[in-house]
Amino acid sequence: MPKKKTSFQCTACGWENPRWMGKCPECGAWNTMEEIMAAPEEAAPKQYKQRGGTGSAVKPLKDIDADSQVYTGSGLEELDRVLGGGIVEGSMVLVGGDPGIGKSTLLLQVCDHLCKTGRRVLYISGEESARQIKLRAQRLGAAGSDLMVLTENAMDQVEEKLRAVQPEFCVIDSIQTMYRPEMGSAPGSVSQVRESAALLMRYAKQEGCAMFLVGHVTKEGSLAGPRVLEHMVDVVLYFEGDRQHEYRLLRAVKNRFGSVNELGIFEMTGAGMRPVGNASETLLSQRAKGASGSCVFCGLEGSRPVLVDIQALVSQSFLAVPRRTADGMDTSRVMLLLAVMEKRARLKMYNRDCYINVAGGLTLNEPAADLAFCMAVASSYADRPVPAEWAVMGEVGLAGEVRAIPQLERRVSECRRLGFTHILCPRDSARHLKAPEGVSLHGVDTVAQAMAVLDLLPSS
């Protein structure tokens, strides 16, 4: 009996080595080498033959018809916004997120809407039984739809059913459970995920079927499987949010049909995912009025202006190294701005704990939130609230200067719509903008000037 051979394979790039290594020399990822068992030579499966190409002819670019791209509404406006207008025929969409975040629920709602519009939709599950899918559909009120369900994870059977049913839309839940029987590796391995996705992509492009692939994520939050999986698909969506809260955020990190900066907001209810159309009003609905350490900022998520509440709590520290905690903002950016506040605005932060929170679960990455953060910290430090009718926005430099920000007009319009009458912003940006009726623009050049306008300067 031949001796079994083992090797180690990187789960990120597929590189193989006869011994374990802490860091993959090919892609540089740490702790991704997993042991795999090689089959004996006489028991090794037959090598499968790759299919031929598409056989398409060479065409000049000017003769290619680009106006035939058709968008199909998913029934959820927030999802259509993130996708760039809707579901494109023959596209492949990869949806990733933590377990229990709502990926299967969202896609089942989309399938129900498409079935009600007369589309042929196939839901393929490699994780759940048909009964479990039916129970979820009953909770969502979609049990009476014409959705076709297949519980299978062998790709040869899946391909056979796809060609027999000829669906217009298809959901694969999940891609990590699919495998090709002619390959010796286990389901979820690098080679199985890559080959299964390649087969589905080939079918989607040839038959014009829109594919949704559900992807598992690792403990670091990235999609499990080979990195090539994200390169193969047309759209990569990430579902974010805390399962203990009702709001879920849908972001596009790759989109061949639209912008990657769009954000979709959903509310998790007993009847499924409910799109949140007026995000600003929802995020500010529970804002504490008259409390210190709270400042409203208008950010841009793609083409959508969103008002959020930036909260800060500054308290006396009894530790040798004061605590700095940030939820929703980059911690290194927070440390930098606190140093600017101490140097340029004379705030004594060396003996103060500072806790930062962006209400609603959003993550702010744009520098335009700097000034609002600084005003929230100054408000908590002085224990004086920022007036409720004020909104603050601007980028802060290391010298304490307030720099111009893009698309101020759209931000001001959103603030005006929600009843904010005073806008604290960079002077350079305010100089080139005519204030709408009922709104006053207050331009400042430095952080200290902004604190003086809001009466937040320290007493000593």
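In helix α8, the residues R333, V334, L337, L338 and M341 meet D370, F373, C374, V377 and A378 of helix α9, where contact means heavy atoms within 4.5 Å. The model is predicted: local features need pLDDT of at least 70, side-chain atom pairs count only at pLDDT 80 or more, and totals for chains, interfaces and linings use all residues. Residues are numbered from 1 along each chain as its sequence is written, and side-chain values use heavy atoms, leaving out hydrogens and water.

**Helices α8 and α9**

- By class, this contact of α8 with α9 has 8 nonpolar, no polar and 2 charged residues (Ala, Val, Leu, Ile, Met, Phe, Trp, Tyr, Cys and Pro count as nonpolar, Asp, Glu, Lys and Arg as charged, the others, Gly among them, as polar).
- The axes of α8 (residues 331-344) and α9 (residues 370-382) come within 10 Å and cross at roughly 60°.

**Aromatic pair**

- The count comes to 1 aromatic pair, where rings of Phe, Tyr and Trp (its six-membered ring) pair if their centres lie within 6.5 Å.
- The ring centres of F239 and F266 are 6.1 Å apart with planes at 85°, so the pair is edge-to-face (over 60 degrees; under 30 is stacked and the rest tilted).
- Because F239 belongs to strand β11 (residues 235-240) and F266 to strand β13 (residues 263-269), the pair ties together parts 27 residues apart in sequence.
- F239 is buried, at a relative accessible area of 3% (buried means under 20%, exposed over 50%, partly exposed in between, with a 1.4 Å probe and protein chains only).
- F266 is also buried, with a relative accessible area of 0%.

Conventions: Helices (H or I, at least four residues) and strands (E, at least two) are DSSP runs, numbered from the N terminus. Axes are lines fitted to C-alpha atoms, for helices over the stretch in contact, and angles run from 0 to 180 degrees between N-to-C directions.
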